[in-house]
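Colleague: I have just opened this one and would like to walk through it with you. Could you take me through it piece by piece?

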Amino acid sequence: MKPLKIGITGVRGIVGETFTPELAVEFAQAFGTYLDGGRILVCRDTRPSGPMIRSAVLAGLLAAGCEVVDLGICPTPSMQLAVKWLEADGGIAITAGHNPWRWNALKFVRGDGLYLNPTQAEELLDIFHQGEFLKANWTKIKSSIAYADPISKHIDALQKAFAVDVIRRRRLVVAVDCCNGACSLLSPRWLEVLGCEVLALNNDPAAPFPHAPEPKPATMAQLCAVVKAGHADVGFAHDADGERLGIVTDRGEPLSEEMTLALATEIRLRKRSGTVVTNISTTQAIDCIASQHGGNVLRTPVGQAYISEGLLESNGVLGGEGSGGVTVPEVHLTHDSAAAIGLILEHLAESDEKISTMVQRLPRLTTLKHDLPIEPHRLYSVLQEFRASVESEGLLFESIDGVKVTLPDGWVHVRASNTQSIIRIIVEAKERTKAAELLDWTRDRIRI
Amino acid sequence: MRAIPTLKISISGVRGVIGQSLTPTLLTRFAQAFGTHTGSGTIVVGRDPRTSGEMVKHAVIAGILSSGGRVVDIGVCPVPTVQLQVRRRKASGGIAITASHNPAEWNALKFIGSNGLFLDGGQARELLDIYHQGEYTKVNGDEIRTVEEVSGATDTHIKAIIDAVGPLPSGKRRLKVVLDSCNGAGSIVGPKLLEALGAEVVPINVTPDGSFPRPAEPVPENLGDLCEAVEQHGADVGFAQDMDADRLAIVSEQGIPIGEDYTLVLAALYVLGQQPGPVVANLSTTSALADVANKFGCPLFLTKIGEVNVTDKMQQANAVIGGEGNGGVIYPRINFARDSLVGMALVLHLLADSGKTITQLVDQFPRYTVVKEKMLCPSEKIPAVLKMLRQKYEKFPLDTRDGVKVTLPEGWFLVRGSNTEPIVRVVAESQSESQAREIVARVYEQVAHCIK
């Protein structure tokens with residue numbers, strides 16, 4: 001079966017197979033209908049299917065009577081900020097984030113710059129499925145599209161959130177791998193504003209992705225080499241649209257993507273205690289760090305919209321996910337890798353500490369992730385069977401998103417991906433051998 | 001009676017009303033079908049300035065890109081500019097986004113083949129089959145091609161015209177022209193061409209913002225402002241374009257519309273004077289064109305109605321000029337396309353060369369009057385109407401290639417069913433207006449009787 005996911009995080013699929021221009025047109029028209037016309041921003045990452053999907057989205061929005069502002073290629077968080085300063089009613093980001101080159105997706109942002117929450121997303125889906133859209137007549141339809149540059153304002157907002165002068169004085173050497181994605185236009189500029197010596201690689205938005213746009217150790221070999229060769233203080237790796245961040249230490253060691261939020265939590269809570277919002281699939285290290293600093297952790301289902309809602313609800317001081325997404329509330333309530341960079345560099349400048357020594361202090365846990373491709377029609381029944389098996393053994397489990405089982409030596413989490421037809425298994429334990437055992441334990445209980 | 005549908009999908013393209021039937025989903029599917037039909041090549045896209053043009057354009061671009069095509073977006077421009085660009089760039093095809101003379105709420109796609117001509121009947125049927133089958137070429141996300149945005153396509157067009165016909169002769173009195181572009185696709189390029197030719201231009205209705213200052217069809221009843229402006233400015237001629245700048249109508253120096261049939265007559269008068277050769281028009285064209293062809297001893301071929309029939313025959317006959325009685329002038333040295341810009345250039349040269357006024361030029365030939373009528377007629381009754389006419393007028397020369405055309409001693413008439421609305425059209429021409437009216441009245445009654 002060919003992958004297409006229409007769900008609460010938007011619509012996502014492979015261009016040339018399931019993700020057709022009609023689908024993009026109708027989703028955009030449904031979104032225009034949902035917002036009853038209004039001003040809508042559109043942005044995209046650097047995938048070659050971007051212009052095709054963009055035109056389809058523009059057609060759908062215009063047909064619904066929307067006023068459209070095209071931001072061109074930019075990170076999704078730049079668009080989310082622009083929704084506010086352009087006083088827009090919403091936005092559509094054309095990006096498949098960390099998915100491979102041939103994928104694309106639409107992500108829907110509401111008037112406050114945050115993603116649609118699950119209820120709102122359900123409403124949008126109902127309009128899409130019903131297929132009855134607003135259709136502007138010739139006197140109402142907008143006859144042209146406006147353009148705006150969201151990057152400068154994004155940098156302005158970042159500058160207000162961090163001690164830029166302190167960072168500038170330190171003249172940090174920073175390597176950054178933009179994966180030829182949307183951050184190519186933001187990240188090197190932001191680092192220069194911070195007075196860094198920038199070693200930029202893969203920062204050509206016209207070139208293909210040099211590796212999977214998913215910042216994790218497996219994709220950061222080139223960045224590690226540049227950090228070592230350039231004696232950089234730190235290396236940063238971006239995904240395609242500026243949400244997830246990967247980190248390489250001053251010694252050229254790549255950190256697990258789970259460590260990005262752990263590091264940010266350590267930095268944030270040391271300065272200011274409060275609630276950290278993360279999903280139930282993210283490393284237990286967050287809880288250990290929080291308890292050291294007298295903070296607490298709020299766990300949500302997986303997905304940015306839940307983190308944003310959790311932060312709004314708890315007035316939290318930091319949000320993020322084990323995938324490398326970090327939310328710094330002073331900038332905005334959504335994942336923003338440029339904000340995460342600001343937070344980390346501010347700490348390096350103020351403390352004069354090295355990333356590698358900081359990492360030493362963090363709890364050392366082994367997290368293993370395993371993806372099981374599943375036929376879409378089996379996705380949820382497989383999950384149900386796993387739950388039944390856990391239940392029959394009388395184990396303690398949580399089910400706000402998939403099934404999370406806490407065991408004496410660690411935990412396992414099994415859930416259906418929001419974006420692909422796969423079952424994601426995450427296990428965590430202190431020892432690597434124990435973690436491997438937990439993974440086997442879990443796999444034994446999943447029958448495909 | 002059931003409502004008349006506003007969507008028309010036919011061999012001349014797809015046409016509908018914005019906010020009702022012409023949805024972006026439909027448009028993007030049609031563009032995918034066209035991309036599939038052209039084998040994922042380069043496709044030139046241009047549009048008229050209707051308010052819905054930007055929406056339609058993006059739906060079309062998405063469809064072309066998805067089917068593996070490369071897009072050359074030439075922006076707002078006349079239809080003949082799109083056709084010229086297709087040939088100049090050796091593109092695989094073109095899409096002109098325009099509902100030509102239809103009111104502002106309409107829009108349409110017109111499909112152009114790699115030869116710069118509109119798709120012929122066979123090609124159009126292939127396209128429709130692909131559209132209806134719904135299986136379009138879809139290229140992988142990493143093989144999607146690009147959109148090239150081109151400005152200056154209209155400058156290329158102007159240069160092609162000046163290269164072919166030359167500027168107006170210097171040393172003669174500078175001709176003064178009032179141009180009414182109907183705020184259409186000719187608004188920018190029209191005045192530029194006239195200046196490049198060396199005429200003095202007084203432009204009216206040249207704000208291409210999608211508003212319609214008058215009904216788009218350049219027929220006499222819509223040209224009040226132009227007539228007034230010609231008189232007021234003491235101009236030598238008034239030109240009126242339609243929304244997509246393929247048709248041209250002329251107002252004389254006295255501020256009187258000479259009838260859109262006469263645009264081709266005057267253009268032919270100039271061209272045949274320069275270069276005698278075959279002339280092609282459709283069978284609904286004024287007899288004045290035959291008089292001009294006769295004067296130069298040139299053959300005149302009359303085809304079925306439809307631009308593509310005229311252009312096909314022009315190529316076959318190696319014609320030097322051709323067109324349609326609705327003001328469409330086709331000059332093959334530029335392109336096989338109805339082109340108001342070429343029409344203006346030819347008529348101005350005629351004025352400069354002859355030293356005569358529009359009125360004098362028209363009056364050298366017998367003056368004909370065309371009278372047109374239409375009446376509601378359920379489409380299933382049309383064959384019976386045509387059969388009745390064939391029988392009733394069997395003693396007269398008949399042409400039944402497209403409806404029924406009857407040549408009478410005092411003139412001719414043509415009855416045909418519309419392919420866009422449930423109506424029949426009656427056209428009659430005679431040297432006397434009263435006779436033309438009489439013919440129409442008589443035929444109208446016969447048709448009405450037959451329908452009853």
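Predicted model: local features only at pLDDT ≥ 70, side-chain atom pairs only at ≥ 80, totals over all residues.

Colleague: Let's step back to chain B as a whole. How many helices and strands does its secondary structure come to?

Modeller: Chain B has 14 helices and 20 strands. Its radius of gyration is 22 Å, close to the 22 Å that the globule rule gives for 452 residues, so chain B is as compact as a globular protein of that length. Along the principal axes, the C-alpha trace of chain B spans about 65 × 65 × 40 Å.

Colleague: What share of the residues in chain B is buried?

Modeller: Buried residues account for 58% of the 452 residues in chain B. As for how the chain folds back on itself, if we take the contacts in chain B between residues at least 6 apart in sequence, 68% of them join residues at least 24 apart.

Colleague: What domains does the assignment give for chain B?

Modeller: The assignment gives domain 1 (8-153), domain 2 (176-363) and domain 3 (369-451) of chain B. The C-alpha centres of domain 2 and domain 3 of chain B lie 27 Å apart, and the contact between these two domains takes eight residues from domain 2 and eight residues from domain 3. On the domain 2 side of that contact, the residues are two nonpolar, four polar and two charged.

Colleague: Okay, and chain A?

Modeller: Chain A is divided into domain 1 (4-149), domain 2 (153-361) and domain 3 (366-444), and 33 Å separate the C-alpha centres of domain 1 and domain 3 of chain A.

Colleague: Now some helix packing. At what angle do H3 and H5 of chain A pack?

Modeller: Helix H3 (residues 76-85) and helix H5 (residues 151-161) of chain A pack at an angle of about 90°, with their axes 9 Å apart, and H3(A) and H5(A) are therefore roughly perpendicular to each other. Where they meet, H3(A) brings Ser78(A), Leu81(A), Ala82(A) and Trp85(A), while H5(A) brings Ile151(A), Lys153(A), His154(A) and Ala157(A). By class, that contact has five nonpolar, two polar and one charged residues.

Colleague: What about H8 and H9 in chain B, are they roughly parallel or roughly perpendicular?

Modeller: The axes of helix H8 (residues 261-274) and helix H9 (residues 287-295) of chain B come within 9 Å and cross at roughly 5°, and H8(B) and H9(B) are therefore roughly parallel to each other. From H8(B), the residues Tyr262(B), Leu264(B), Val265(B), Ala268(B), Leu269(B) and Leu272(B) meet Ala288(B), Leu289(B) and Val292(B) in H9(B). By class, this contact has nine nonpolar residues, with no polar and no charged ones.

Colleague: One more helix, H10 of chain B. Which residues in H10(B) are buried?

Modeller: In H10(B), Glu307(B), Val308(B), Asn309(B), Val310(B), Thr311(B) and Met314(B) are buried. What covers these buried residues includes strand E12 (279-282), strand E13 (300-303), strand E14 (321-324) and strand E15 (328-330) of chain B. Just after H10(B), Asn318(B) takes a positive phi of about 55°.

Colleague: Why does Met314(B) count as buried?

Modeller: Met314(B) counts as buried because it has 25 C-beta neighbours inside 10 Å, where 20 or more is the cut-off. Not counting residues up to four places away in sequence, Met314(B) touches Val280(B), Ala319(B), Gly322(B), Ile330(B), Pro332(B) and Phe336(B).

Colleague: Where is Pro332(B) found?

Modeller: Pro332(B) is found in the loop between E15 and helix H11 (340-354) of chain B. Pro332(B) is buried too, with 20 other C-beta atoms within 10 Å, and, again leaving out residues up to four places away in sequence, Pro332(B) touches Met314(B) and Ala319(B).

Definitions and conventions. Residues numbered from 1 in each chain as written. Chains lettered and ligands numbered in written order. Axes fitted to C-alpha atoms, helices over the stretch in contact; angles between N-to-C directions. Helix = DSSP H or I, 4+ residues; strand = E, 2+ residues; numbered from the N terminus. Parallel < 35°, antiparallel > 145°, perpendicular 65-115°, else oblique. Contact = placed C-beta atoms within 7 Å. Nonpolar A, V, L, I, M, F, W, Y, C, P; charged D, E, K, R; others polar. Domains from an automatic or database assignment. Buried ≥ 20, exposed ≤ 12 C-beta atoms within 10 Å, placed from the backbone. Rg over C-alpha atoms; globule rule 2.2 N^0.38 Å.
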